[in-house]
Structure formats: structure tokens, C-alpha cells
Amino acid sequence: MEDSEVKRKSYEKLVAEIGRCTRCPLHLSRRNPVPGEGPLDADVMLIGEAPGRVEDETGRPFVGPAGRLLTALLESIGLKRDRVYITNVVKCRPPNNRDPSDEELRACTGYLLRQIGLVKPKTVVLLGRVAGRHVYGLAGLKWSSIREARGKIVTVSIGDVRVRLVATFHPAAALYNPTLRRELEEDFKGAIREAVLGEKGDKKKTLMDFM
Ligand code: URA
């Protein structure tokens with residue numbers, strides 16, 4: 001079997017496991033689990049908090065109002081949404097969109113680590129305080145606040161995957177707050193773009209680069 005086929009099979013197994021997961025109480029109230037979506041060889045992975053209402057209805061990440069803003073932010077730096085892998089730290093909707101509990105975060109951590117291990121992104125963008133704190137913890141970094149962490153590129157290992165990590169505000173928080181929205185746009189056009197482009201700088205040059 002080709003490597004990409006092995007990866008596809010492992011991914012399908014992971015999605016199926018998430019689909020029948022009962023590791024935390026969120027399975028009792030979810031309509032659909034939301035594993036994530038995007039190419040399995042994506043260079044960029046975006047990690048949000050947890051599915052909201054529209055995501056719970058459709059089984060897809062970031063398809064509600066926050067998702068529309070996210071798509072526009074990606075496009076503002078020349079990234080097509082279908083070229084990035086998008087997921088959340090928690091795969092099932094917490095009732096009334098409350099913050100996920102520590103138990104819920106712990107129950108889902110293995111799934112996120114397997115996603116990162118399969119996709120092996122070069123850049124990981126953390127959307128908001130909940131994803132920021134949780135993934136900083138997985139990377140062994142100290143977390144103080146989203147305001148402190150936002151817009152900083154740090155190179156870390158998550159499992160055995162070396163990534164550039166950048167945190168920013170959650171698009172939902174910026175929907176009705178013009179100041180946050182401006183700062184979110186700045187992070188995309190600044191640190192996030194730089195982290196994503198940095199990858200190109202890492203790639204081995206070929207003859208084509210000199211023609
Ligand atoms: N908010 C998130 O954190 N994730 C989604 O998928 C949708 C809204």
C-alpha cells in the first residue's frame with residue numbers, strides 16, 4: 001500500500017472512532033461529532049475550541065458565522081480554505097456553547113494528537129484562549145493569556161511533529177468586537193502569514209528557484 005493510502009486508512013479509522021466516541025458526557029447531547037476536515041497533507045492546521053450549533057448540525061468545523069470570518073481571514077493572506085486542515089480541540093458541541101471542561105478536553109486529546117501525527121502540519125494556528133491554553137500545554141509551553149501569546153511564533157514539538165505554533169483570538173469573539181477584529185486581522189496579515197510563508201523558506205531549493 002502507498003504511504004498516502006495507509007494514511008487515508010488510519011484517518012478513516014480515526015474519524016470512525018470519533019463518530020462512535022462515548023469518552024465524555026458530550027456524546028449524550030451532540031447531534032453530530034465534528035472530527036475536522038481538510039487535506040491530509042496540509043501544511044497548515046487550524047485548531048478551534050469546539051463545534052457550535054451549525055457545526056453540530058452539519059458535522060463540519062467552522063461553517064457558522066465564525067467560520068465565514070475565518071474563511072475571509074484565510075483568503076486575506078492568500079490561503080484557500082480547502083488547502084488547510086481545520087479541527088477543534090473538542091469534537092462534540094458543549095451544551096449552549098459553554099467552555100469545554102478539563103475532562104472533555106482530556107477525553108479528546110488523543111484524537112487531536114493523532115490528527116497532528118497524521119497530517120504533520122508545518123504551521124499550527126490556535127484560535128482562541130481554550131485551544132491556545134490546551135495546545136500550549138501539549139507542547140510543554142507555559143500559558144498565561146491569549147493576549148500575551150497572540151501573534152508570537154514559537155517552534156515546538158507536539159508528539160514527534162515539529163511545528164510553528166501561532167495563537168490568535170477566536171473569530172467568534174471578533175464578530176461583534178471591532179477592536180478584536182482589527183487585532184485578529186493584524187495577526188493573520190502579520191505573524192500567521194509569516195509562519196505560513198516561513199515554510200516555503202524551509203523547503204530545499206531546486207533548479208527552478210534559480211530560473
Ligand atoms: N467555534 C469553534 O471553536 N469551532 C467551530 O468549529 C465553530 C465555532
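How many cavities of 30 Å³ or more does the structure hold? Here are some notes to read alongside the model, which is a predicted one.

1. **The cavity.** The structure holds one cavity of 30 Å³ or more. The volume of the largest cavity is about 100 Å³. If you wonder how such spaces are found, rolling a probe the size of a water molecule over the atoms shows where empty space is left.

2. **Its lining.** In total, 15 residues line the largest cavity, and those nearest its centre are Cys-21, Cys-24, Arg-30, Cys-92 and Cys-108. Helix H2 (26-29) and helix H5 (102-119) are the elements that give two or more residues to this lining. H5 gives the most, with four residues.

3. **What kind of residues?** Sorting the lining of the largest cavity by type gives nine nonpolar, two polar and four charged residues.

4. **The ligand's place.** Now turn to the ligand, which takes up the space of the largest pocket. Around the ligand you will find Gly-48, Glu-49, Ala-50, Glu-55, Pro-61, Phe-62, Asn-88 and His-170. This shell divides into three nonpolar, three polar and two charged residues.

5. **Contacts to look for.** A polar backbone atom of Glu-49 is 2.8 Å from an oxygen atom of the ligand. An N or O atom in the side chain of Asn-88 lies 2.7 Å from a nitrogen atom of the ligand. For His-170, a polar side-chain atom is 2.7 Å from an oxygen atom of the ligand. On its own, the ligand has 240 Å² of accessible area, and the protein covers 91% of that.

Note on methods
Residues numbered from 1 in each chain as written. Predicted model: local features only at pLDDT ≥ 70, side-chain atom pairs only at ≥ 80, totals over all residues. Heavy atoms only, no water. 1 Å grid on protein atoms, 1.4 Å probe; cavity = no way out; pocket = protein on both sides within 12 Å on 5 of 7 lines; lining within 4 Å. Points joined across faces, edges and corners; volume = space filled by probe spheres on them. Nonpolar A, V, L, I, M, F, W, Y, C, P; charged D, E, K, R; others polar. Near = heavy atom within 4 Å. Polar contact = N/O pair within 3.5 Å; in protein donor to acceptor, adjacent residues only side chain to side chain. Areas by Shrake-Rupley, 256 points an atom, 1.4 Å probe, with all protein chains shown as cover. Sits in = over half its atoms within 2 Å of the grid points.
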